[in-house]
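Thank you all for coming. I would like to walk you through one structure this morning, and I will begin with a question once it is on the screen.

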Amino acid sequence: MSSAMSFAQTGQLSPISNGMDASYHGADQSCCSSSSASASASPDLAHSVASLASIGHWGMGHDSHHGSAGHGHHHELSWDPDSEDNMLPLPIPKPLNDNDFCIDHIKEAPASALPNSDGSMPDQSKTKRPRGRPRKHPIAPVVPANKVTKGRSKTGCLTCRKRRKKCDEAKPRCMNCEKNAVVCEGYPEKQIWKSGRERAEEERLKSHSLPPITMQPLFHGLDTVEDRIFWKHYNEHLSTVLTVEGEHKNAFKDMMVPIAVKHQGFMHSILSLASKHIDYDTLYGLNVLKNNPSTSVHKLHERSMYHHNQARQKFYEDVEVSDAQDKLRVSARYGQMLCFLLQALAEGNPRGEHRLHLSAYKSLISSSPPEDSAFFSFIAEFFQYHIFADELIHSLSTLHHRAIPNDANHTPAIHPPRLLGVADGLLEYLPQITMIRNTIRHNIVTQVDPVVDYVSFYRAAEIDAAIKDWTPHWPRGDNRDRVGLLYKHMMWIYLVRTVYPPTPSAPLPPTNSSALPFSTLSNVRHGGTGAAGVTTPPMLASPSCTSSRKLEGTDYGMGSVPLLSTASSLRAQSPPPSRKPPQHDPRITLAVQESLGIMESFRPSDPCQTLLLLPCFIIATACFTTAHQDRVRTALKTVKGYTGLRNADRTLEVLEHVWQLMESGDWAAVWDWPRVAQGLGLDFIPA
């Protein structure tokens with residue numbers, strides 16, 4: 001269609017709608033078609049049509065000027081709307097007559113805009129900025145409620161996200177990485193949000209999908225965290241403080257551990273002992289809890305009770321079997337008894353439970369001793385040491401005419417010795433002195449004159465000579481050589497205090513603890529506070545038998561024993577309070593002074609602290625001055641801090657009451673300190 005017809009029909013003159021972009025294959029044909037169309041349409045448009053035809057001829061002539069149009073070739077005519085050279089002057093149409101114009105022929109122009117230079121259509125959604133100055137407070141555009149604001153895309157490849165480039169998200173590698181010749185790291189795994197219940201269910205399914213396995217413990221009994229705590233405490237701490245030998249000769253590890261890993265009952269006994277030894281109120285116990293946050297004191301106590309019950313059960317089962325040919329079972333039986341004895345010391349048991357294990361050892365060692373000579377030597381020395389020390393408190397329960405114990409007849413030749421006083425024979429004199437003391441006590445109660453007879457003096461003189469001739473035989477540099485001197489002083493003080501009892505004017509009370517008149521024995525050190533928490537006045541009068549009510553006779557095994565009168569006239573005969581007894585021997589004070597100096601010469605971490613509780617107790621019964629008593633308290637605190645055995649607390653409890661009796665001047669009760677312990681209901685080994 002020609003431009004004239006287009007304008008006549010559409011009422012617009014546009015490069016798009018008038019067919020100017022059509023192709024022409026020849027100037028002559030184009031002119032003919034244009035002229036004929038114009039003529040047929042309207043004579044008034046002839047000039048416009050002729051102008052358009054001349055434009056075509058101008059374009060062809062322009063091309064022919066540069067090309068070969070003169071040779072008769074056909075050239076293609078194309079119109080570029082963006083080219084400045086092709087900007088054609090639009091013809092001014094003549095006004096139409098009213099008869100030729102019809103309003104129905106006018107149509108609305110299409111909304112499409114001119115194409116861009118590259119052929120693409122412009123973005124019609126962009127709105128122009130309104131003219132004029134921008135508002136100081138612009139009006140916020142109304143955004144529909146359902147419109148979602150797009151954020152940064154998080155689905156691009158990892159490389160583009162690191163480089164902060166826009167990713168086209170092509171798979172498997174984006175084109176941006178390919179174009180920039182970088183390695184595309186791919187796309188992150190799509191995370192699907194799941195609730196906590198769904199995640200827990202997935203974890204449960206994963207755990208059930210794995211085949212179940214059971215990790216068996218390396219040793220029987222080491223099943224839990226608490227068991228490993230007890231095992232570590234025994235190997236690294238407890239076994240060290242129980243011996244003087246050191247790490248290179250520690251029988252508690254070298255001999256006992258190999259047996260325990262093969263015997264369940266023995267392993268339970270070791271773990272029970274270790275659990276009872278830990279004090280969770282000390283710095284050491286607090287560090288144990290701090291280093292093991294997965295456990296608690298309650299769990300540790302529960303596991304301790306479990307091992308205690310299992311150890312007893314296994315021990316009774318082995319006793320019922322009584323197979324003397326089973327070397328492992330026999331050795332484990334002795335090892336368990338040793339652990340039971342140490343556990344009573346570690347707990348500070350005041351009910352005499354240790355004596356059950358000492359009695360079991362005496363009956364078993366004579367019938368079926370261990371075949372291993374080294375283990376036999378270690379067990380015998382340890383038990384014999386505590387049998388000798390048990391005589392200090394247990395002497396009231398024995399008959400005064402009892403023969404000297406012959407437990408040493410079953411003691412093998414101990415080599416090498418570990419403790420002091422057993423292999424060298426020094427502590428064998430301790431029960432002999434105790435027998436002399438029992439005889440003198442009986443003579444005081446029965447008012448026999450003289451209290452110390454010729455036989456007792458003669459025997460005491462022999463013991464005194466043997467003690468003075470005794471010499472320790474430890475290698476040079478071994479601290480046990482100094483401990484040996486302390487033991488010599490201990491034995492001599494015990495002997496002298498035994499053969500020099502208080503005067504007969506103040507007889508001792510009977511041995512029946514239920515009839516003891518010592519109201520002061522229930523008082524607690526320094527405060528006068530009873531066991532039930534009732535405060536009592538400080539002791540001013542002597543609690544000896546001279547101020548006690550008359551009791552019925554008590555049988556020592558020697559017939560009826562007349563008891564004491566409580567006449568008020570005897571109260572005036574009691575000596576006035578004094579720091580030292582009337583028959584005080586200054587040699588005792590000198591021996592006490594030298595002994596305290598030896599005890600204070602050991603460092604708190606010295607292994608010899610294990611051997612100092614026994615001499616500390618005996619020497620403290622002869623400390624008549626406050627200064628000496630304070631030094632003994634410090635020594636006992638050091639021993640308790642090193643060994644961790646709570647029987648040191650029971651020892652100090654008895655000594656505090658003995659020192660109170662010294663303040664009141666009751667020298668008869670001071671001399672008979674085993675009765676003080678019995679009156680307090682304390683039955684323990686001060687070693």
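How many salt bridges does the count come to? Taking a salt bridge as a side-chain nitrogen of Lys or Arg within 4 Å of a carboxyl oxygen of Asp or Glu, the count comes to 25. Before I show you some of them, please keep in mind that this is a predicted model, in which local features need pLDDT of at least 70 and side-chain atom pairs count only at pLDDT 80 or more, while totals for chains, interfaces and linings use all residues. Residues are numbered from 1 along each chain as its sequence is written, and side-chain values use heavy atoms, with hydrogens and water left out.

Let me start with the overall picture. The protein chain has 25 helices and zero strands, where helices (H or I, at least four residues) and strands (E, at least two) are DSSP runs numbered from the N terminus. Of its 687 residues, 43% count as buried; buried here means under 20% relative accessible area, exposed means over 50%, and partly exposed lies in between, with a 1.4 Å probe and protein chains only. If we call heavy atoms within 4.5 Å a contact, then among contacts with a separation of 6 or more, 74% join residues 24 or more positions apart.

Now to the interior. A nonpolar core is a set of buried Ala, Val, Leu, Ile, Met, Phe, Trp, Tyr and Cys residues joined through side-chain atoms within 4.5 Å, and the largest one has 129 residues, with Leu427, Tyr487 and Leu614 making the most contacts inside it. Helix α15, residues 373–394, gives the most to this core, namely 13 residues. There is also a second, separate core of six residues, which includes Cys157, Cys160, Cys167 and Cys174.

Returning to Leu427, its contacts beyond four places in sequence include Tyr385, Phe388, Tyr487 and Leu614. Leu614 is in turn one of the buried residues of helix α21. Since eight of the eight residues of that helix, 613–620, are buried, α21 is largely enclosed by the rest of the structure.

Next, a stretch that carries an annotation. The unreviewed UniProt entry marks residues 156–184 as "domain: Zn(2)-C6 fungal-type"; UniProt positions are given in the numbering used here, feature names are shortened, and annotations may be inferred rather than shown by experiment. In the model, the end C-alpha atoms of this span lie 11 Å apart, and the span is 38% helix and 0% strand.

The side chains of Glu185 and Lys162 meet in one, at 3.1 Å from N to O. This pair links distant parts of the chain, 23 residues apart, with Glu185 in the loop between α5 (175–179) and α6 (196–209) and Lys162 in helix α4, residues 158–163. Glu185 is partly exposed at 44% relative accessible area, whereas Lys162 counts as exposed at 60%.

A further pair is Lys276 and Glu347, whose side chains meet at 3.8 Å, N to O. Here too distant parts are linked, 71 residues apart, since Lys276 is in helix α10 (264–277) and Glu347 in helix α13 (327–347). Which of these two is buried, and which is partly exposed? Lys276 is buried, with a relative accessible area of 17%, while Glu347 is partly exposed at 32%. Finally, Asp223, Asp227 and Arg303 are linked in a network of salt bridges.
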